[in-house]
Amino acid sequence: MVSTAFDSLAQAAFASSEAIFTINSPSSHPSRSIDRLADKYTISNTSPAVTTLQLNADPFHKIQESAATNKELTAVLASSDSLLSAIPHLFKTASQRSAVVVHVETKERDSANNTNSTTQSQVNGAALKAATAGQKGVVPSYADLMAVRQTGFAVLTSDNAQAAFDLALVAQAAAVQTSTPFLNAVNGSAQSQTAKQIVLDHQRVAPALISEQDLAAHRERQAAVSEISLSSLYLKPQEGQPASDATVAAAATPEEVYNKVEELLSVLQKQTGRSYHPIDYQGPANAKTVFVSLAIGSSSLDHILHAHHKDVGLVKIHLYRPWSERHFLQALPASVERVIVFEQAPAAQTAWTPLFLDVSASFHSSGDNNTWAGKVPKILSARFRGSGAEIDAEDVKSALTSEHTKPAFVINPRFVPQSVSSASPLQEADVDTPYIQMLNQVFQDRLNIENGLKTDSVWGASQQSPEFGYGSLVTKVAARARFAELVSKTVQDSNLKISEPLRKALTQWHLNRSDSKLSKRHGDEAIALLQQAKDGLVGSLAEISAQSSQFAKPSHWLIGADSWAYDIADSGVHHVISSNADINLLILDTEPYTARTQNPENRKKDIGLYAMNDGS
């Protein structure tokens, strides 16, 4: 009997793999789904080995080594809270072109019982109680899923147990036929679990998706692959560049992965009648407004648009990685004038969210087939709180009818407490208050502290690796770099009508964008001039005006406790320091003097020395 999304994923994993790993954590026990299975049919008519691992025992290291050594079709059942610590091993698995599929149920990273929620309730008081009234169960966070989107894994998403089951079979087949590992994610929210009977037709579907010839071809490629470089993932050798036979045989391009998934979805439809597309457009052919959403978290939006806004289209993304600009643009009706990117609001304050950046970049692609050049629609970021299942008709109406002064807005803020600025002083009883106050005084409104404060994720034994905030900061740094490139192209465009004072202000800002004082001075000048000409702004000047917050040079910080001195086994501190990114680290030794160990093997590492050698 299938009662949860994990149950359907477990059944698909059993039907299409040769080795199964389950990762148990305090909040999730996927091994129980294996125990509940009545049908343990496998594609090879054998009983796959089932290994249960614990989240605190570096499970993905064992999975990566097993896949590399045994070269088996491997399925992993895990919750999303296991992904961040797995990032180095996911990169390694992708470089080995292993046929590994990680089936993930999204989980709330900061549940209602942990320190973070307690702290926010103390800070916000009645606001939190009013905002969270009526919520039931956990609210899944998609942040962990987004954090691993660039590891070389292809990413499929779904919003119900039936789709999770179907895409699980497709993921394993695509992993075999392209030698590309996949991550298959499903919404873990109780609200998204459908009461509809799930059709488990794996005995008929799995053999149609994975043939003996596919298995033989995959094993032949695996035998030829030792390990390819990460730079060649999804890339073919350039013309005239030598390449090893192993790389040519193993590495699939994004287009090849996309086409293979599309082909397998077609096979699935012929076998079952259930229809999916990697990028699926629903709505009228002449829609002027189109929502764009990952399939995960989109069910409520889909139902509301179908019931109340039949003139509005919806692009539902099942295959999120590799991202296909060409197929995304082809999915849109030529009539579209406004694109609303529907995405879960991140816990931290961020200028832009991942899907929004993907969508925006697609319209500004320099490819020859970009038919949108010169007629890019207005792109908005509608961020929702919660899992997406809580969205109602009023939220969607607000997104469609309200006049938003900013390109990014939250459409259902009642589901969360009022946001707490990461640069605001918090409770005086905490150990870091003087340091936060000092940073506030020095950097004022330029201060951006990316990771959580006063929470167990920073100060407790289970704190996150510095790579958790690092990925988000890198995205912000890259966004400002793209803004600087836009300014540079604009001031050099002789065909663009631009006043001389504005051209001078933009030029001076670009030359001094790395200087906090000068960038603010010239940025303020440019903002004032853009404001004066706001009614006549077109093209790149309008884009610059919309992104005017990028003029100020932020001071990016990650703050951690003494556990970072042990490096938490994943080389997170090394990664941040050696990246040469414009990111600052503040690490506070919070361990009492009387508790310090004399064991030299457990000695804290000299982070200052690493910074001198590798930092900038």
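Predicted model: local features only at pLDDT ≥ 70, side-chain atom pairs only at ≥ 80, totals over all residues.
Strand β8 covers residues 289-294, and because six of its six residues are buried, β8 is largely enclosed by the rest of the structure.

The pairing of β8 is as follows. Five bridges join β8 to strand β11, residues 338-344, and the two run parallel. Five bridges also join β8 to strand β9, residues 313-317, again in parallel.

The chain contains 24 helices and 16 strands. Of its 616 residues, 52% count as buried. Among the contacts in the chain with a separation of 6 or more, 80% are between residues 24 or more positions apart.

I turn to a sheet further along the chain. Three strands form an open sheet in the order β14-β15-β16, with parallel pairing. β14 (447-449) and β16 (584-587) stand at the edges; each has a single partner strand, so one side of each is left without a neighbour in the sheet. From one strand to the next, the twist averages 30°. Strand β15, residues 555-560, is joined to β14 by three bridges, and these strands run parallel. In that pairing, Ile 449 stands opposite Trp 557 of β15.

Next, the helices. Helix α8 (residues 161-178) packs with helix α12 (residues 254-272) at an angle of about 135°, and their axes are 9 Å apart. That angle makes α8 oblique to α12. The crossing of the two is right-handed. On the α8 side the contact is made by Asp 166, Leu 167, Val 170, Ala 173, Ala 174, Gln 177 and Thr 178; on the α12 side the residues include Val 257, Val 261, Leu 264, Leu 265 and Leu 268.

Which residues does Thr 272 contact, leaving aside its neighbours within four places in sequence? They are Asp 201, Arg 204 and Val 205. Thr 272 and Asp 201 are 71 residues apart in sequence, and their C-alpha atoms are 8.0 Å apart in space.

I close with some points of backbone geometry. Most residues other than glycine have a negative phi, and most peptide bonds are trans. Against that background, Ser 179 has a positive phi near 50°. Ser 179 is found in the loop between α8 and β6 (182-186), and it is buried, with a relative accessible area of 0%. Asp 58 likewise has a positive phi, of about 50°, although it is not a glycine. Asp 58 lies in the loop between β2 (49-54) and α3 (59-70); at 31% relative accessibility, this residue counts as partly exposed.

Finally, the peptide bond from Arg 321 to Pro 322 is cis, with omega near 0°. Pro 322 is in the loop between β10 (319-321) and α14 (325-331).

Conventions
Residues numbered from 1 in each chain as written. Heavy atoms only, no water. Pairing = 2+ DSSP bridges. Helix = DSSP H or I, 4+ residues; strand = E, 2+ residues; numbered from the N terminus. Axes fitted to C-alpha atoms, helices over the stretch in contact; angles between N-to-C directions. Parallel < 35°, antiparallel > 145°, perpendicular 65-115°, else oblique. Left-handed = near helix turned anticlockwise from the far one by under 90°. Contact = heavy atoms within 4.5 Å. Buried < 20%, exposed > 50% of the residue type's maximum accessible area, 1.4 Å probe, protein only.
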